[in-house]
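Please keep the model in view while reading.

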Amino acid sequence: MREWIGQFKYRGNEKYGSLLGEIMNRAYQAMRYEFASLKHSRFKRSLWSVDVVTCVPVSEKRLTERGFNQARILAEEIARRNNLPFLSLLARPQDTGKQSFKSKKERMNTMNNAFSVHPNMTNLLKSFILKAESQCVTKDKLSVTVLLVDDIYTTGSTLQACARVLREKALEQGIHLTIFCLTLARS
């Protein structure tokens with residue numbers, strides 16, 4: 001797995017995207033199966049009923065270096081294989097450097113303000129909600145379940161920072177987000 005991820009992420013072999021996407025899709029399907037019988041009491045539906053798939057963004061510098069965002073490719077694979085919409089909801093306005101060389105404390109400090117929501121995030125979510133049959137409304141709030149995808153989980157600081165930014169902005173707009181995270185590997 002380490003070699004495949006290295007080939008995909010660092011050596012630009014995008015052909016690994018489909019294979020790694022299939023591996024992630026199987027994990028996604030297993031989670032759907034596992035949570036199928038567990039209903040969220042407020043929403044009266046499965047805890048793992050995902051409405052939208054998104055991903056951890058990369059900075060413009062990293063995108064230029066690699067030529068692609070590996071997390072986006074994986075997220076789009078899951079979305080495509082499950083007929084779910086992929087929405088780019090996050091931005092990474094600053095380059096935070098390579099996280100693999102940082103300690104847990106350094107990663108957490110770096111990630112604190114590294115992300116922002118996509119400028120059009122609220123409109124994207126609201127237009128999705130208006131079209132979605134699976135939308136839930138609870139206590140006058142619109143509710144959306146988001147699957148946040150990344151390639152590698154190390155300390156969780158990246159996913160936590162992304163989820164925090166998404167949730168805060170959505171709440172400002174009266175949207176309740178339930179966010180699940182899925183990664184290809186854990187280091």
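## The second largest pocket

In this predicted model, the second largest pocket holds about 230 Å³ of space. Its lining counts 16 residues. Closest to the pocket centre are P57, V58, E60, L63 and L90.

Three elements each give the lining of this pocket at least two residues: strand β3 (52-55), helix α3 (60-66) and strand β4 (90-91). By class, the lining of the second largest pocket has eight nonpolar, five polar and three charged residues.

## Helix α1 against helix α2

Two packed helices are described by the angle between their axes and the distance between the axes. Helix α1 spans residues 2-9 and helix α2 spans residues 16-35. Their axes come within 10 Å and cross at roughly 135°. Angles from 65 to 115 degrees count as roughly perpendicular and those over 145 as roughly antiparallel. The pair α1 and α2 is therefore oblique. The crossing of α1 past α2 is left-handed.

On the α1 side, the contact uses W4, Q7 and F8. On the α2 side, Y16, G17, L19, L20 and I23 take part. Six residues of this α1 and α2 contact are nonpolar, two are polar and none is charged.

## Y16 at the contact

Which residues does Y16 touch, leaving aside those up to four places away in sequence? They are W4, Q7 and F8. Y16 itself belongs to helix α2. Between Y16 and W4 lie 12 residues of sequence separation, yet their C-alpha atoms are 7.0 Å apart in space.

## Helix α2 against helix α4

Helix α4 covers residues 70-81. Its axis lies 8 Å from that of α2, and the two helices pack at an angle of about 60°. How are α2 and α4 oriented to each other? They are oblique, because the angle is about 60°. The crossing of α2 and α4 is right-handed.

From α2, the contact draws on G17, S18, L20, G21, E22, M24, N25 and Y28. From α4, it draws on I73, L74, E77, I78 and R81. The residues of this α2 and α4 contact divide into six nonpolar, four polar and three charged.

Note on methods: Residues are numbered from 1 along each chain as its sequence is written. This is a predicted model: local features need pLDDT of at least 70, side-chain atom pairs count only at pLDDT 80 or more; totals for chains, interfaces and linings use all residues. Side-chain values use heavy atoms; hydrogens and water are left out. Axes are lines fitted to C-alpha atoms, for helices over the stretch in contact, and angles run from 0 to 180 degrees between N-to-C directions. Helices (H or I, at least four residues) and strands (E, at least two) are DSSP runs, numbered from the N terminus. Angles under 35 degrees count as roughly parallel, over 145 as roughly antiparallel, 65 to 115 as roughly perpendicular and the rest as oblique. A crossing is left-handed if the near helix is turned anticlockwise from the far one by less than a right angle, and right-handed if clockwise. Contact means heavy atoms within 4.5 Å. Ala, Val, Leu, Ile, Met, Phe, Trp, Tyr, Cys and Pro count as nonpolar, Asp, Glu, Lys and Arg as charged, and the others, Gly among them, as polar. On a 1 Å grid over the protein atoms alone, a cavity is a set of points where a 1.4 Å probe fits but cannot get out, and a pocket is an open set with protein on both sides within 12 Å along at least five of seven lines; lining residues have an atom within 4 Å of a point. Grid points are joined across faces, edges and corners, and a volume is the space filled by probe spheres set on the points.
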